[in-house]
Each structure stands twice: as structure tokens, then as C-alpha cells.
Amino acid sequence: QVQLVESGGGLVQAGGSLRLSCAASGRTFSMYAMGWFRQAPGKEREFVAAVGGNGLSTVYAESVKGRFTMSRDNAKNMVYLQMNSLTPEDTAVYYCAADLSTARAVSFRREPGAEQQIWGQGTQVTVSS
């Protein structure tokens with residue numbers, strides 16, 4: 001079974017940057033797409049970004065496009081989310097997710113709780129104004 005562990009969250013001022021990391025163990029890492037979700041207080045969990053199994057294709061939510069960059073290193077079983085130009089609206093718990101049903105970023109299922117989705121425990125990101 002796949003296990004995911006996020007790290008890199010913290011407190012940052014508006015306009016600053018953070019880099020989140022997610023370590024994966026279990027099944028062959030390059031065979032499935034990976035993504036990031038986030039959940040702000042009082043809000044539903046929402047899709048942020050996804051990357052395909054080979055790391056060549058990515059997709060982003062409109063709210064983060066141009067500010068966030070997702071990448072993966074299959075040799076290290078790691079995915080990353082580089083977050084720049086952060087605003088208080090980016091404050092949330094960020095979750096790493098694996099979609100075992102696909103290796104394609106464009107097919108990564110954006111609805112939380114879909115079958116064959118695996119989740120990490122989450123990491124808190126707080127952006128102060």
C-alpha cells in the first residue's frame with residue numbers, strides 16, 4: 001500500500017514562499033499521478049495541482065496558476081509544491097494525494113474521496129497579512 005508523508009509547512013508573511021514536500025513509499029512511484037489538495041478552516045477540501053507519473057505534465061487550479069509549481073523526483077519518490085507570492089487566502093492544511101487509477105495529470109481526479117485515492121496526514125500553511 002502507498003503511504004504519503006508531507007513536510008515543509010509553516011508560517012510565512014504575505015508575498016513570501018514555501019516549498020512543501022511529500023515522501024511516498026509502497027507501490028512503484030512513477031506508475032501513478034500525484035496531486036496536492038488544501039482545506040481552509042470552514043471550507044471544503046479543494047484541488048490545487050497534479051503531476052503525471054513521468055513528471056512531464058502538470059495541471060493547476062486557477063487560483064494558484066502562475067504562483068505554484070508542482071514537480072516530482074521519481075528517483076527519490078518525492079513530490080514538491082513550490083508556492084510563491086503567497087496570500088492569506090492560501091492559508092490551509094495542504095494534503096498530498098496519490099491517484100492510483102491513472103498516471104496522467106489531466107486524468108487526476110479532483111474530487112476528494114474518489115476511489116483509489118491515497119492521502120497523507122497534511123501539513124499546515126499559514127500566511128499572515
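Start with the whole chain in surface view. Of its 129 residues, 47% count as buried. Buried means under 20% relative accessible area, exposed means over 50%, and partly exposed lies in between (1.4 Å probe, protein chains only). The chain exposes about 6300 Å², and carbon and sulfur atoms supply 47% of that area. Accessible areas come from the Shrake-Rupley method with a 1.4 Å probe; for residues, only the protein chains shown count as cover.

Two notes before you go on. This is a predicted model, where local features need pLDDT of at least 70, side-chain atom pairs count only at pLDDT 80 or more, and totals for chains, interfaces and linings use all residues. Residues are numbered from 1 along each chain as its sequence is written, and side-chain values use heavy atoms, with hydrogens and water left out.

**Stop 1: the fold**

Switch to cartoon view. How many helices and strands are there in the chain? There are zero helices and eleven strands. Both are DSSP runs, numbered from the N terminus: helices are H or I with at least four residues, strands are E with at least two.

Now zoom out. The C-alpha trace spans about 40 × 30 × 25 Å along its principal axes. A compact globule with 129 residues would have a radius of gyration near 14 Å; the chain has 13 Å, which agrees. That radius is taken over C-alpha atoms, and the globule rule is 2.2 Å times the number of residues to the power 0.38.

Look at contacts too (heavy atoms within 4.5 Å). Among those between residues at least 6 apart in sequence, 61% join residues at least 24 apart.

**Stop 2: a buried tryptophan**

Select Trp36, in strand E4. Its relative accessible area is 0%, so Trp36 is buried. Trp36 and Leu20 are 16 residues apart in sequence and 9.7 Å apart in space, C-alpha to C-alpha.

**Stop 3: the salt bridges**

Side chains of opposite charge can pair when their charged atoms come close. The structure holds five salt bridges. Each is a side-chain nitrogen of Lys or Arg within 4 Å of a carboxyl oxygen of Asp or Glu.

Select Arg38, Glu46, Arg67 and Asp90, and show side chains. Salt bridges link these residues in a network. Take the pairs in turn:

- Arg38 and Glu46 form a salt bridge, with the closest N and O atoms 2.6 Å apart. Arg38 counts as buried at 6% relative accessibility, while Glu46 counts as partly exposed at 36%.
- Arg38 also forms a salt bridge with Asp90, at 2.9 Å between the closest N and O atoms. Arg38 lies in strand E4 (residues 33-39) and Asp90 in the loop between strand E8 (78-83) and strand E9 (92-99), so the pair ties together parts that are 52 residues apart in sequence.
- Arg67 forms a salt bridge with Asp90, the closest N and O atoms being 2.8 Å apart. Arg67 sits in the loop between strand E6 (58-60) and strand E7 (68-73), 23 residues from Asp90. Both Arg67 and Asp90 are buried.

**Stop 4: two positive phi angles**

Most residues other than glycine have a negative phi. Select Asn77, in the loop between E7 and E8. Its phi is positive, about 55°. Asn77 is partly exposed, with a relative accessible area of 23%.

Finish at Ser85, in the loop between E8 and E9. Phi of Ser85 is also positive, near 50°. Ser85 counts as partly exposed at 41% relative accessibility.
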